[in-house]
Amino acid sequence: MTVREVAEEAYRESLPVLALSAVGGLFAGVVLGGMDAELERVAGLLVLVPALLATRGNVYGSLGARLGSALHQGLVEPTFSTDDERVNAAVAAALANGVMVSGIAAVLAVALLGALERPSAPISTLVAIALLAGLISGVLLTVAVVSVVFVGYRRGLNPDTLAGPVVTTTGDVVGVATLLVATRIVLALGGG
């Protein structure tokens, strides 16, 4: 293949996904804009948003890269099976890391807000919201990443080209939506 052919193939594979990413990012912004009541009721929640969204992209982007590399090396098959130990280990590590980092982000947010003498909801409230959002979004993102990587690979697309934009967009949309859901659940259970 010539350099031009490689570039054309990369653009052909990535442009539709990047366009979808832009739309998804706008949707995430709309959801965040609709969280006024929750943001007012849970002091410090807004501080968590960038940290939680960044961790979704980092953790599940790593999962996509790990799966893509394993597919390229022939270490895993692009099939949905609970018997593949490598895929199971990658998924378990991503879920554990995503939930753990969410809890750590909440603790750090409370500490930072305290150091800056800014108002903050109780640590238990922010940690509960972060852990619940981390768990729900982790399950949804795992399904999305594994599906996109495997289906794309089976259709002859490079999973490395797909995983980044899909994880970023899906992570933003799912991250904000699950943060809203988790906040409402924790508040309904008496947190705040």
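Guide: Leaving aside residues up to four places away in sequence, Thr55 touches Tyr60 and Val101, where a contact means heavy atoms within 4.5 Å. The model is predicted, so local features need pLDDT of at least 70 and side-chain atom pairs count only at pLDDT 80 or more, while totals for chains, interfaces and linings use all residues. Numbering starts from 1 along each chain as its sequence is written, and side-chain values use heavy atoms, without hydrogens or water.

Thr55 sits in helix H3, residues 45-72. Its relative accessible area is 13%, so Thr55 is buried (under 20% is buried, over 50% exposed, in between partly exposed; 1.4 Å probe, protein chains only). The chain around it has six helices and zero strands, taken from DSSP runs numbered from the N terminus (H or I of at least four residues for helices, E of at least two for strands). Buried residues account for 41% of the 192 residues. Of the contacts between residues at least 6 apart in sequence, 81% join residues at least 24 apart. The C-alpha trace spans about 60 × 35 × 30 Å along its principal axes.

H3 also takes part in the largest nonpolar core. This core has 26 residues, and those with the most contacts inside it are Val42, Leu45, Leu48, Leu126, Ile129 and Leu179 (a core joins buried Ala, Val, Leu, Ile, Met, Phe, Trp, Tyr and Cys through side-chain atoms within 4.5 Å). At least two core residues come from each of H1 (3-33), H3, H4 (85-115), H5 (123-154) and H6 (159-188). H6 gives the most, seven residues. Val42, again not counting residues up to four places away in sequence, touches Ala121, Thr125, Leu126, Ile129, Thr183 and Leu187. Apart from this core lies another, of 19 residues, including Leu67, Leu71, Val76 and Val87.

On a 1 Å grid over the protein atoms alone, a cavity is where a 1.4 Å probe fits but cannot get out; a pocket is an open set with protein on both sides within 12 Å along at least five of seven lines, and lining residues have an atom within 4 Å of a point. The largest cavity is lined by Val49, Leu52, Leu53, Arg56, Gly175, Val176, Thr178 and Leu179. H3 and H6 are the elements giving two or more residues to this lining.

The largest pocket has a volume of about 180 Å³. Its lining includes Thr79, Phe80, Val87, Val146 and Phe150. H5 gives the most to that lining, five residues.

Two of those lining residues, Phe80 and Phe150, form an aromatic pair. Their ring centres are 5.6 Å apart and their planes lie at 55 degrees, so the pair is tilted (centres within 6.5 Å; under 30 degrees stacked, over 60 edge-to-face, the rest tilted). Phe80 is in the loop between H3 and H4, and Phe150 is in H5, 70 residues apart. Phe80 has 48% relative accessibility and so counts as partly exposed, whereas Phe150, at 1%, is buried.

Note on methods: Grid points are joined across faces, edges and corners, and a volume is the space filled by probe spheres set on the points. Rings of Phe, Tyr and Trp (its six-membered ring) pair if their centres lie within 6.5 Å; planes under 30 degrees apart count as stacked, over 60 as edge-to-face and the rest as tilted.
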